[in-house]
Protein chains: 2
Amino acid sequence: MARWEPNAVERLRDAALELYLDPGYEKVTVAEIAARAGVTRRTFFRYFPDKREVLFFGTDRVEALVTQGVLAASDGTSALEVVAAALAPIAELSDEDPAWAAVVRKRNTIIQGNRELRERELGKHASLASAIASALERRGVAARAAKLAADAGLAAFKAGFDQWIDDAKQRKMGKHIREAMRDLGAIVDGSVTLKKLRRE
Amino acid sequence: MARWEPNAVERLRDAALELYLDPGYEKVTVAEIAARAGVTRRTFFRYFPDKREVLFFGTDRVEALVTQGVLAASDGTSALEVVAAALAPIAELSDEDPAWAAVVRKRNTIIQGNRELRERELGKHASLASAIASALERRGVAARAAKLAADAGLAAFKAGFDQWIDDAKQRKMGKHIREAMRDLGAIVDGSVTLKKLRRE
């Protein structure tokens, strides 16, 4: 085994994704992931605290980038538009790089298949929402409105993301998210209304 | 020990809340909770699958009530208003019953102090959001808009709840939630805007 292990993180991540899909997240050990990536168990633990966190690698960096986006936005811009603009680069990564989009889709399949992983992902989203809200507060938005703008922006992001995952026509994630943002406008202005109950 | 154990669920819940506050959630065993409630360990497990779920007791009932609220709402009502109206009884429970409000506050303190519990709570909220979205879909709202209306309504609920928790003046939860709903309107119509970055 070479001491210098080029792209160890990427190889570990890719090995983990393959093994978490088959034979499955619960069945795989760190030793098996490391072996498939051609590194030692020790190398795995140099980069990731546990099996679960491989799937959330890079979350801190995303949080920092989105926060910077909010802090760098122009005065007078709508808080919700700022959140949408700060989140947009996440969709662009997938829309501009099919290999990355494939990683994102695999990762999502794995997370949706396990309750513990789903809850951890919800925790990461909550942490991202708090980071966005703090950045908005630094830009003079009141605490409750800041939290709500972060939550509403992330809800639109997630609604768009989910549609992108399910989209048989493979349209871009950014497009789905922009549509979800428009939906949000229609929901809040009251133009989305209930119809007669359909009996099933 | 009597075979008939009146109010066993309430006593177990109250015993768990006290012990999770002191000495703390991580330190307490099911046997200790049962002993304090004056029931057997077996009785505990008749009502709760584990230590964690004591804190989420009644969630299924809340989900059913909120869903019924959506299904029973009038045709033509705004989807977001319907979600707000369906969630309102949760706030009323605390606003009309100080003893229940105290339970809710204790529960919140315990959950916020433990990552695993916070993630489980996020999972319960996500499940509630899905149930609301399904009910809205049955009322003719498109899938993405239904999910977004549920998420946005719950975000306003949570923003109001958080302010209620922190409110030194002890104003009602329902009032905080209605204010958060108004905030949501101002966020989405773009009237909440960014100010110059305050250097800290």
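Chain B touches chain A through 52 residues, and 52 residues of chain A take part; contact means heavy atoms within 4.5 Å. This is a predicted model: local features need pLDDT of at least 70, side-chain atom pairs need pLDDT 80 or more, and totals for chains, interfaces and linings use all residues. Residues are numbered from 1 along each chain, and side-chain values use heavy atoms, without hydrogens and water.

**Interface area**
- The two chains bury about 4,700 Å² between them, 59% of it on carbon and sulfur atoms. Buried area is the accessible area (1.4 Å probe) lost on being put together, summed over both parts.
- B:R138, B:R144 and B:L194 lose the most area on the chain B side, together 19% of what that side buries.

- Six salt bridges cross the interface (side-chain nitrogen of Lys or Arg within 4 Å of a carboxyl oxygen of Asp or Glu).
- A:R120 and B:E119 form a salt bridge at 2.8 Å, N to O.

**Chain B side**
- Elements giving two or more residues to this side are α4 (59-72), α5 (79-96), α7 (115-138), α8 (143-166) and α9 (173-188). Helices are DSSP runs (H or I, at least four residues), numbered from the N terminus.
- By class, this side has 24 nonpolar, eleven polar and 17 charged residues.

**Second largest pocket**
- Its volume is about 300 Å³.
- Of its 14 lining residues, B:A84, B:A88, B:G174, B:I177 and B:R178 are closest to the centre. Lining residues have an atom within 4 Å of a pocket point; a pocket is an open set on a 1 Å grid where a 1.4 Å probe fits, with protein on both sides within 12 Å along at least five of seven lines.
- α5 and α9 of chain B each give two or more residues to the lining.

Technical notes:
Chains are lettered from A and ligands numbered from 1 in the order in which they are written. Ala, Val, Leu, Ile, Met, Phe, Trp, Tyr, Cys and Pro count as nonpolar, Asp, Glu, Lys and Arg as charged, and the others, Gly among them, as polar. Grid points are joined across faces, edges and corners, and a volume is the space filled by probe spheres set on the points.
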